[in-house]
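Student: I have just opened a new structure and would like to learn how to read it. Could you take me through some features, one at a time?

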Amino acid sequence: MMTLEKLREIKEKTRPILEDRLKKEGKTEIREDGSIVLKGDYYKKQVRIALRNCEIINPDSIDDYIALDGYSALGKVLFEMTPAEVIDVMMESNLRGRGGAGFPTGRKWNEAFKYDADKKYIICNADEGDPGAFMDRSILEGDPHSVLEGMAIAGYAVGADQGFIYVRAEYPLAVKTLKKAIEQAKEYGLLGKNIFGTDFSFDIELRLGAGAFVCGEGTALMESIEGKRGMPRVKIHRTAHKGLWGKPTIINNVETLANVPIIYQKGADWFRSIGTEKSPGTKVFALVGKVKESGLVEVPMGMTLREIVFDIGGGVADDRAIKAIQTGGPSGGCIPADLLDTPVDFESLAKIGSIMGSGGMVVMDETDCMVDIARFFLDFTVEESCGKCVPCREGTKRMLEILEKITEGNGEEGDIERLESLAETISSASLCGLGQTASNPVTSTLQYFRDEYIAHIRDKRCPAGSCQALLEYYITDACIGCTKCARNCPVSCISGKVKERHVIDTETCIKCGTCMEVCPVGAVITR
Amino acid sequence: MEFKFDMEKNKEKIQEFMTFIDENRDKPGVLMPVLQETQERFGYLPAEILELISKELNIPLSEIYGVATFYSQFTFVPKGENDISVCLGTACYVKGAEKILEELENVLGIKSGGTTPDLKFSITPTRCIGACGLAPVININDETYGKLKVEDIKGIIEKYR
């Protein structure tokens, strides 16, 4: 049986071993207050709370986690606090759901706490489906116990004895790490019956997704755990009252849960001292796309997009000009470069037509076509719409068709208006977040990059030079007349004399790009 | 193309599978884990096994197919010995995943989602696998290949021939 005394012993025994290993590796710095941080410019402006242990501890070792105060928060709440007090601290901290919607965690817990039932559940939503986001995966693979401890604390607070982690099947390593972590925690008596010898029992079971994006939606996820098609429910009841198998259920995202233990270690005031007033704490972002240094960054809420992309990410790759930042995945929007000074928090991003979402942040440069990006996300939504609500099932398909038409150069007057009208219907008449936000990529690009749509439709031109069907190959006056392009052209559409500038007949050209490849002086361009 | 499931040849596997069902039959919401176990053991969801599940768990076959067809990870045709998943997430997309997929289709002579007739290779288009820092990325079995260029594909496939 685990006791507080034993926990302390493990900590005292393991901490020096861990510090020795870290010193040898030399990637970290041990500060005076005992905290351990990663060294290097990339980490300088970051504040790592949810990722506090990632890349520092060995994720397969529960002792490593304990060495850095792991499970001390669980011990503290079990021995020193009543469930109501636990919830009070959570409310006071104002930790908001990191899965995207930003609902206050404490209020959610309180709903389930107040609701009387014979059985309650805690679910960890690890169905991280937004393309371009991998913060949850990194936490599960790098620090699984912080999530388990967070779940156990939530269980104690609301009176649940059973937890589920619903993790997507695309993350095999996360599944393996979690399995091992659950086993170790059970062995130590930190999960299972009578934790720390108290009368609190809490068990966690792993459930795997099977490749349905919509299962990241709370009620669809519950349907899936129940063994059904993962379709969202009609929201008559709060899931905190009637959720999994009709019982009060708390569903929290991985990153949210990873924040929980440390709030009980350091207190709600400490947490509120980080970030902004309405969005306290930090947020982890997956900074990817055309950025010099891609990776996970955790920053205090309220930092501007510019600071994240340029000060941490080192700017745009190949030193091209930044055009937009896509946040929030398929539910989010494209934020144009002139709004880079927007602070990143729930309210500010919503105000400019995007969302925080789960934290995907894809940097796009001048060669990325915004109409094509909108098409990419709609393609995703069409595939992933579960088919329950007609506006989402049929409407997204119609929107995709229009976008395909536009990117292929067949756009017509009225297409933009049709897109806008469809967007409005779909978002107001769909049951779940997937449908309600499906049109965001289109509406946000229409708001900020409308002229790109118009260029595609009226001038049959793709300003970014990305839509293949609208490209025109062109030989500039850098041409030295070597005839190489003309000789290699499969349809013989290039004419010109030796040592004279060559010309492409765009009517016959099949846009295969061979001329561009063979040109020794880079005189062939697309426009 | 038809792929036939051989009940005789798989007898032992089926027996092991039955033990799994017996151990888990009372768990609430067991259908998904059972389908995942089926795919894990047999490589896909053979119709014969689905019928067996229906009888054992007393779930109508229609409901089983309803669930199985809903989730994109379940497949009704066998995967190749080497399953190539091509990540089509946003980061990979902006870095040219489409072209990588095209090249794979050309090299293997099958379409995305298909399996070669000799059961050696299959191509599975995949949602973001969360390796965005390495975009564009493919996974062959458990091996990850990142920062790919179209020219790399032929050589990589050769390794598995």
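Student: Is F79(A) buried, partly exposed or exposed, and why?

Tutor: A word on the basis before we start. This is a predicted model, in which local features need pLDDT of at least 70 and side-chain atom pairs count only at pLDDT 80 or more, while totals for chains, interfaces and linings use all residues. Residues are numbered from 1 along each chain as its sequence is written, chains are lettered from A and ligands numbered from 1 in the order in which they are written, and side-chain values use heavy atoms, with hydrogens and water left out.

Tutor: Now the general idea: buried means under 20% relative accessible area, exposed over 50%, and partly exposed in between (1.4 Å probe, protein chains only). F79(A) counts as partly exposed because its relative accessibility is 44%. F196(A), with a relative accessible area of 3%, is buried.

Student: You mention F79(A) and F196(A) together. How are F79(A) and F196(A) paired?

Tutor: A pair of aromatic rings is described by the distance of the centres and the angle of the planes. Rings of Phe, Tyr and Trp (its six-membered ring) pair if their centres lie within 6.5 Å; planes under 30 degrees apart count as stacked, over 60 as edge-to-face and the rest as tilted. Over all chains, the structure holds 18 aromatic pairs. One of them joins F79(A) and F196(A) edge-to-face, at 6.0 Å centre to centre and with 65 degrees between the planes. This pair links distant parts of the chain, 117 residues apart: F79(A) is in helix α4 (residues 72–80) of chain A, and F196(A) is in the loop between α9 (172–187) and β5 (203–208) of chain A. Y71(B) and F74(B) also form an edge-to-face pair, with 6.2 Å centre to centre and 90 degrees between the planes. Both Y71(B) and F74(B) are buried.

Student: Which rings of chain B are linked into a cluster?

Tutor: Ring pairs connect F5(B), F17(B), F42(B) and Y44(B) into a cluster.

Student: How many helices and strands does chain B have?

Tutor: Helices (H or I, at least four residues) and strands (E, at least two) are DSSP runs, numbered from the N terminus. Chain B has 7 helices and 4 strands. Their order from the N terminus is α-α-α-α-β-α-α-β-β-β-α. The C-alpha trace of chain B spans about 50 × 30 × 25 Å along its principal axes, and 51% of the chain's 161 residues count as buried.

Student: At what angle do helices α2 and α3 of chain B pack?

Tutor: Two packed helices are described by the angle between their axes and the distance between the axes. Axes are lines fitted to C-alpha atoms, for helices over the stretch in contact, and angles run from 0 to 180 degrees between N-to-C directions. Here, α2 (residues 31–42) and α3 (residues 47–57) of chain B pack at about 145 degrees, with axes 11 Å apart. Contact means heavy atoms within 4.5 Å. On the α2(B) side, L31(B), V34(B), L35(B), T38(B) and F42(B) meet I49(B), L50(B), I53(B) and L57(B) of α3(B). Those residues divide into 8 nonpolar, 1 polar and no charged. For these classes, Ala, Val, Leu, Ile, Met, Phe, Trp, Tyr, Cys and Pro count as nonpolar, Asp, Glu, Lys and Arg as charged, and the others, Gly among them, as polar.

Student: Where is H456(A)?

Tutor: H456(A) lies in helix α20 (residues 450–458) of chain A. With 0% relative accessibility, H456(A) counts as buried. A polar contact is a pair of N or O atoms within 3.5 Å; within protein, one must be able to donate a hydrogen and the other to accept it, and residues adjacent in sequence count only if both atoms are side-chain atoms. A polar atom of the H456(A) side chain lies 2.6 Å from the backbone oxygen of E452(A). Leaving aside neighbours within four places in sequence, H456(A) is in contact with residues including C369(A), V371(A) and L470(A).

Student: What does the side chain of S93(A) lie 2.8 Å from?

Tutor: A polar atom of that side chain lies 2.8 Å from the backbone oxygen of M90(A). S93(A) is in helix α5 (residues 83–93) of chain A and, at 0% relative accessibility, counts as buried.
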